[in-house]
Every structure is written in C-alpha cells, then in structure tokens.
Amino acid sequence: MNIFYILIGYYIILGILALFNIFVILHIVKYKYLGPYYKIIFIVYFILMMGILGFTHLFIFKFDWNQQIYLPSISDFTDGFEGSINVQLNNR
Amino acid sequence: MAPDINFPGKLTDEHVKLLLRRHPFVLIRQNLIYILYFIVPPILYFFGKTYFSFILSFPIYPVFILLISLYYSFFLFFLLVEWIDYYFDAWIVTDRRLIDVEQVGLFKRTVSETRLEKIQDVTFEVKGIFGTIFHYGSINVQTAGAAQNFTLNQISDPAEIKSALLNLYEERIKTSGLENIPPTAPQAPDKSTPTDKSTPLSTPQAPSGRPQGSNNIIQDIK
C-alpha cells in the first residue's frame with residue numbers, strides 16, 4: 001500500500017473540519033448580539049490554525065509520500081497455521 | 001461601558017448602556033479539561049519515544065504527525081465552540097429595557113426582555129471562594145407581574161452592576177414621566193358610606209426613586 005493514501009485521508013478530514021469552520025464563522029457573523037471584541041478572537045483563532053497547518057505542511061512537503069507500506073498479510077499468519085495442520089495430517 | 005452594538009428590535013432612539021457577560025474566569029474554569037487534552041500528544045510522544053521507539057520508524061511516524069495535526073486542529077475548533085457558548089450568553093441593558101440572551105450550544109437560543117420600569121427589586125449574591133477572589137456573582141432582577149425574573153449569572157462586579165441597574169431604572173422613571181403621575185387607584189375607603197371589611201387598607205405611594213414604591217403605579221398605568 002502506498003502511504004500517499006494516508007495523506008489523502010488527512011486532506012479529507014481537513015476538508016470536513018473546513019466545512020465545520022465555515023458553518024461556525026457564518027453562525028458568528030450572522031449573530032446580532034456581538035460586542036466589539038469578537039474579531040480579536042477570530043484573528044487569534046486563525047493565526048493558531050494557520051500555525052498548526054503550516055507546520056504540518058512543512059513536514060508534508062519534505063516527506064516522500066510515494067513510499068510503500070508493507071503491511072503484514074493474512075497469509076503470513078495462516079501459512080504457518082496451515083503448515084502445522086498439514087504436518088499433523090501427514091503424521092497421521 | 002456603553003458599547004456601540006446593534007441587535008434585532010433595537011429602536012432608533014434606544015441606547016445600549018451595558019453589555020454584560022459572565023466573568024472570563026468562569027470560561028477558564030469550565031474548560032480546564034482542555035489543558036489536559038492539550039498535553040496528551042506530547043506525553044504520548046515522549047512516552048512512546050522512550051518505551052516504544054518503533055513509532056519513530058517509517059510507517060508510523062508520518063501517520064503520527066498527521067494525526068497530531070488533526071488532533072490540534074479539532075482541539076482548536078472545539079475551543080472556539082466553547083468560546084461561542086460563552087460569548088453568545090449576554091445581557092444587554094439599554095436605557096429602556098433589559099434583554100437576556102441565553103445560548104445553549106450552537107443551535108438553541110432564548111431571548112427574553114423586560115422594561116426597566118417593570119423592575120421591582122435587584123439583589124446580588126457573591127458565592128464561593130472564586131467568586132470572592134475574582135469579584136463575580138449573580139444578580140437577581142425581580143420584575144412586576146407574571147413576567148419571569150432575570151438572573152444574571154457569574155458577572156463581574158455585581159455590586160456595581162446592581163447600582164447601575166437601579167440608576168438606569170431611576171433615569172427611566174424620570175425621563176418617561178412616570179414619576180409625576182398621581183396615584184389613581186385604589187382609593188382609601190370613604191368613611192361616610194358603609195364599606196366591606198375586605199377593602200384595601202393601604203393606598204399606593206408615589207414613586208420615590210425606589211423600585212418597590214413605584215411599582216404599583218406603574219402596574220396601574222399599564
């Protein structure tokens with residue numbers, strides 16, 4: 001399996017989070033009982049979010065995402081098991 | 001203390017005098033668990049590095065980094081939602097009325113209001129060690145009639161806010177002309193004619209600047 005698929009999964013989850021963010025931002029902007037300070041919280045929130053995503057992308061751009069992951073297949077376990085059964089059967 | 005804000009139903013000549021929210025310490029105290037959530041990934045990292053060094057090897061390390069990135073992104077998002085829950089709970093005092101906006105989560109909001117001249121009694125309560133240290137408490141505003149009472153929970157400097165509310169009440173009574181209206185009913189019983197014993201014995205007093213005294217007249221006017 002290519003590790004690139006994990007990166008795609010990351011971006012899908014990030015997209016869902018972006019949708020949540022858009023919904024919450026619209027919710028806040030449409031809200032009519034705001035004081036004057038909510039913009040400061042917004043700016044701090046987006047700076048922190050950009051920080052997290054920025055550092056993650058520094059890593060993403062540096063990493064080689066075309067490497068293969070060799071997951072242990074089911075046969076690695078069953079081969080030995082079948083083998084032992086065959087040995088037992090042959091011994092009979 | 002008079003922020004320039006607009007809200008639905010605001011009259012053109014209405015001015016916002018106070019915009020009140022819960023004390024910021026309440027927000028911090030309610031969300032102390034987020035500190036624990038914040039330090040979980042570094043603890044996992046250092047614990048894993050010490051005892052399970054394979055997490056720094058190829059297939060797990062990049063996945064770990066992406067998971068931590070998602071974790072902190074969602075962490076920040078939920079912090080924002082907590083802040084919304086705090087920030088959208090507000091009490092707006094204008095020169096005419098008191099509006100209570102109560103936000104529960106993202107989707108439920110209750111807005112109730114009372115006119116300032118309906119205020120009968122204002123009491124405040126500072127409770128607990130944190131309330132005493134950080135000067136926050138609750139204000140209970142009792143209103144006339146069947147209207148619900150207003151409780152302003154965990155707001156800063158409740159004593160000052162209580163005084164401000166009473167001052168606004170008195171200003172409202174003066175400016176609306178309710179102060180000069182003579183008492184109308186019920187009248188004292190006339191001794192010349194036979195009366196029933198259940199006739200009210202006390203006559204209402206004219207407003208003297210105190211909410212309790214003026215309430216009867218205001219109710220009659222309405």
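**Chain B, element by element**

Modeller: This is a predicted model. The secondary structure of chain B comes to six helices and seven strands.

Colleague: In what order do the elements of chain B run from the N terminus?
Modeller: They run β-α-α-α-β-β-β-β-α-β-β-α-α.

Colleague: How much of chain B is buried?
Modeller: Of the 222 residues in chain B, 23% are buried.

Colleague: And the contacts in chain B between residues at least 6 apart in sequence: what share joins residues at least 24 apart?
Modeller: That share is 52%.

Colleague: On to confidence. What is the mean pLDDT of chain B?
Modeller: The mean is 77, and 75% of the residues in chain B reach 70 or more.

Colleague: Where in chain B is confidence lowest, and where highest?
Modeller: Helix α6 of chain B, residues 211-221, is lowest, at a mean of 38. Helix α3 of chain B, residues 60-87, is highest, at 90.

Colleague: Which residues of chain B stay under 50?
Modeller: Residues 183-222 of chain B do. The model has 40 contacts beyond four places in sequence for that stretch.

Colleague: What about the scores for the model, ipTM and pTM?
Modeller: ipTM is 0.75 and pTM is 0.69.

Colleague: Now the two chains. How many residues are in contact?
Modeller: 29 residues of chain B are in contact with 27 residues of chain A.

Colleague: Which elements of chain B give two or more residues to the side that touches chain A?
Modeller: Those are α3 and β2 (90-94) of chain B. α3(B) gives the most, with 16 residues.

Colleague: What is that side made of, by class?
Modeller: The side of chain B that touches chain A has 26 nonpolar residues, three polar and no charged ones.

Colleague: Switching to chain A. Where is Tyr5(A)?
Modeller: Tyr5(A) is in helix α1 of chain A, residues 4-30.

Colleague: Is Tyr5(A) buried or exposed, and why?
Modeller: Tyr5(A) is exposed, because 11 other C-beta atoms lie within 10 Å, and exposed means 12 or fewer.

Colleague: How far is Tyr5(A) from Asn66(A)?
Modeller: They are 61 residues apart in sequence and 9.4 Å apart in space, C-alpha to C-alpha.

Colleague: Back to chain B. What span should helix α5 have?
Modeller: Helix α5 of chain B has 18 residues, 158-175, so at 1.5 Å a residue it should span 26 Å. Its end C-alpha atoms are 25 Å apart, which agrees.

Colleague: Which residues in α5(B) are buried?
Modeller: Pro158(B), Ile161(B), Leu165(B), Leu168(B), Tyr169(B), Arg172(B) and Ile173(B) are buried. They cover an arc of only 135 degrees around the axis, so they sit on the same side of α5(B).

Colleague: Why would spaced-out residues share a side?
Modeller: An α-helix has 3.6 residues a turn, so residues three or four places apart point the same way.

Colleague: Which residues are exposed on the other side of α5(B)?
Modeller: Ala159(B), Asn167(B) and Thr175(B) are.

Colleague: Which residues other than glycine have a positive phi?
Modeller: Gln154(B) is one of them, with phi near 50 degrees. Gln154(B) is in strand β7 of chain B, residues 150-156. It counts as buried, because it has 22 C-beta neighbours inside 10 Å.
Modeller: Asp157(B) also has a positive phi, about 45 degrees. Asp157(B) is in the loop between β7 and α5 of chain B.

Colleague: How many other C-beta atoms are within 10 Å of Asp157(B)?
Modeller: There are 16, so Asp157(B) is partly exposed.

Conventions: Residues are numbered from 1 along each chain as its sequence is written. Chains are lettered from A and ligands numbered from 1 in the order in which they are written. This is a predicted model: local features need pLDDT of at least 70, side-chain atom pairs count only at pLDDT 80 or more; totals for chains, interfaces and linings use all residues. Helices (H or I, at least four residues) and strands (E, at least two) are DSSP runs, numbered from the N terminus. A residue is buried if 20 or more other C-beta atoms lie within 10 Å of its own, exposed if 12 or fewer, and partly exposed in between; C-beta atoms are placed from the backbone. Two residues are in contact if their C-beta atoms, placed from the backbone, lie within 7 Å. pLDDT is the predictor's confidence in each residue, from 0 to 100. Ala, Val, Leu, Ile, Met, Phe, Trp, Tyr, Cys and Pro count as nonpolar, Asp, Glu, Lys and Arg as charged, and the others, Gly among them, as polar. The expected span of a helix is 1.5 Å times one less than its number of residues. The arc is that of the directions from the helix axis to the C-beta atoms.
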